[in-house]
Amino acid sequence: MMALYGKKDQEEHDTLDPIFGSLSEEQDLPKYQLNETPVEPRIAYQVIKDQLLDEGNARLNLATFCQTYMEPEATKLMSETLEKNAIDKSEYPRTAEIENRCVNMIASLWHASPDESYLGTSTVGSSEACMLGGMAMKFAWRNRAEKLGLDIKAKKPNLVISSGYQICWKKFCTYWDIEMRTVPMDMQHQSLDMERVMDYVDEYTIGIVGIMGITYTGRYDDIKKLDALVEEYNKHTDYKVYIHVDAASGGLYTPFMEPDIEWDFKLKNVVSINASGHKYGLVYPGIGWVLWRDKSFLPEELIFKVSYLGGEIPTMAINFSRSASQIIGQYYNFVRYGYKGFHEIHKRTHDVAVYLAKEIEKLGLFEIINDGSQLPIVCYKQKNGIKCKWTLYDLADRLAMTGWQVPAYPLPANLEDVEVQRIVVRGDFGMGMAHDFIEDLKRAIKQLNDAHLLFHKEKENKKYGFTH
């Protein structure tokens with residue numbers, strides 16, 4: 001027998017509006033001022049998610065060095081530690097210890113000597129790391145120069161670097177009132193010109209920056225050769241000069257792939273190094289590292305003490321409060337992959353870059369500037385004498401139609417007339433995706449060759465999507 005129930009026996013439930021039938025979806029919510037009333041969490045989530053629909057797919061962004069994939073376990077661990085403040089050493093002593101472990105692991109990779117007292121810290125990306133390395137150079141130079149009786153106000157101190165520098169060095173020199181002396185690159189010297197670099201050095205030089213992975217092309221400066229030049233220079237002057245290595249890209253790649261290259265603390269005059277954890281350290285954006293070979297190269301006036309378990313711990317930073325999640329993400333990768341795991345990931349990344357370079361060269365339209373044989377960067381320009389009505393900027397536009405973000409841009413000073421396109425191969429760019437890209441590249445070129453609407457009144461030198 002079936003029971004019958006009346007209206008009064010029914011349990012009443014509040015029902016939520018369907019997301020796309022809600023009041024919030026019936027109107028355009030204010031974008032530049034606060035709403036008058038709250039919005040349901042699920043609806044706020046959907047509204048914002050919808051606003052991001054037409055953004056580029058990060059995995060298809062071949063412009064950026066920054067990682068666009070981490071393992072689910074890593075992202076879970078990072079999401080569970082977002083509330084931890086990296087600066088609060090006493091409140092989060094285990095997190096402080098994890099940062100310390102990371103510094104020591106990196107110091108070992110960079111051959112820090114057990115006979116010296118190395119120091120290091122995490123930063124918000126390599127830009128902050130470069131700022132800290134630059135500040136240490138400036139203060140250390142000033143202390144040395146004053147002891148030698150140099151009038152430090154007679155001239156502005158200077159920093160020597162190749163014209164292929166990353167923009168953070170321009171910022172450093174501007175913010176800290178330093179003259180940037182850039183050594184021009186040319187097609188024969190697509191890195192720091194060792195024949196000319198010491199011509200830019202004098203008693204007001206705070207240091208020379210060598211780059212392990214030039215942003216434009218992926219090339220390495222010859223740090224070993226630079227070290228020899230500096231060693232010889234220092235023999236004949238009281239005004240010593242030292243090297244900071246900007247290894248934003250190569251610092252956590254080269255030790256695994258080309259461990260025989262001498263570029264790090266093995267070299268006597270390399271006193272500090274920075275790297276991006278969010279590049280080939282395989283962490284999401286927001287983590288960098290800077291290390292000094294010995295505490296003597298980090299002036300005391302730049303070090304601040306913070307409370308730590310009833311005592312004090314030395315710190316150096318420009319930023320203050322920030323989440324510790326990226327530090328924990330870096331530690332996860334170190335524990336998870338180990339030396340062999342990093343090597344396997346980078347080896348596969350290397351193989352993909354070499355494959356792309358070979359396939360692009362086979363097209364017969366491009367001259368390869370960098371073939372991915374060291375840092376996994378593929379850089380190429382259109383061949384001279386090839387009759388094409390389209391430019392690399394047109395090709396970048398056409399590739400964007402299929403989701404690929406591939407920057408086109410001119411090379412730096414003295415090479416501004418050379419326009420290149422650059423592909424950064426990251427850990428999440430597998431061989432399958434590489435084959436898909438080559439197919440889309442061939443299709444884009446065919447479409448451009450067959451197009452009837454291409455028109456360029458005059459050659460225009462510009463940048464397309466290059467901000468890294």
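Arg336 counts as partly exposed because its relative accessibility is 44%, where partly exposed lies between buried, under 20% relative accessible area, and exposed, over 50% (1.4 Å probe, protein chains only). Before I go on, a word on the source: this is a predicted model, in which local features need pLDDT of at least 70 and side-chain atom pairs count only at pLDDT 80 or more, while totals for chains, interfaces and linings use all residues. Residues are numbered from 1 along each chain as its sequence is written, and side-chain values use heavy atoms, with hydrogens and water left out.

Now, which residue forms a salt bridge with Arg336? The partner is Glu71, and the closest N and O atoms are 2.9 Å apart, a salt bridge being a side-chain nitrogen of Lys or Arg within 4 Å of a carboxyl oxygen of Asp or Glu. This pair links distant parts of the chain, since Glu71 sits in the loop between helix H1 (41-51) and helix H2 (72-79) and Arg336 in helix H8 (residues 325-362), 265 residues apart; helices here are DSSP runs of H or I with at least four residues, and strands are runs of E with at least two, numbered from the N terminus. Glu71, at 15% relative accessibility, counts as buried.

Also in helix H8, Glu359 and Lys362 are 3 residues apart, and therefore separated by about one helical turn. Their salt bridge brings the closest N and O atoms to 3.0 Å, with Glu359 buried at a relative accessible area of 15% and Lys362 exposed at 63%. The search of the whole structure finds 21 salt bridges, and Lys155, Glu179, Arg181 and Asp202 are linked in a network of them.

Let me turn to the sheet. It is open, with 7 strands in the order S1-S7-S6-S5-S4-S2-S3 and mixed pairing, where two strands pair if DSSP finds at least two bridges between them. Its edge strands, each pairing on one side only, are S1 (119-123) and S3 (179-183). Strand S4 (205-211) and strand S5 (residues 243-246) run parallel and are joined by 4 bridges, with Ile211 having Asp246 as its bridge partner in S5. Strands S5 and S6 are likewise parallel, over 4 bridges, and Val245 stands opposite Ile273 in S6. On pairing with strand S7 (residues 288-292), however, S6 is antiparallel, over 5 bridges, and Ser272 has Trp292 as its bridge partner in S7. Since 7 of the 7 residues of S6 are buried, that strand is largely enclosed by the rest of the structure.

What, then, of the domains? The protein chain is divided into domain 1 (77-333) and domain 2 (345-450), with bounds that come from an automatic or database domain assignment. The contact (heavy atoms within 4.5 Å) takes 24 residues from domain 1 and 24 residues from domain 2. The area buried between them is about 2000 Å², of which carbon and sulfur atoms give 66%; buried area is the accessible area (1.4 Å probe) that two parts lose on being put together, summed over both. Tyr216, Tyr253 and Tyr280 supply 31% of the area that domain 1 buries against domain 2, more than any other three residues. Between the two domains the count is 0 salt bridges.

I finish with Thr217, found in the loop between strand S4 and helix H6 (223-234). Thr217 counts as buried because its relative accessibility is 2%, and its contacts, leaving aside neighbours within four places in sequence, are Gln190, Ile369, Asn370, Ile377, Cys379 and Leu411.
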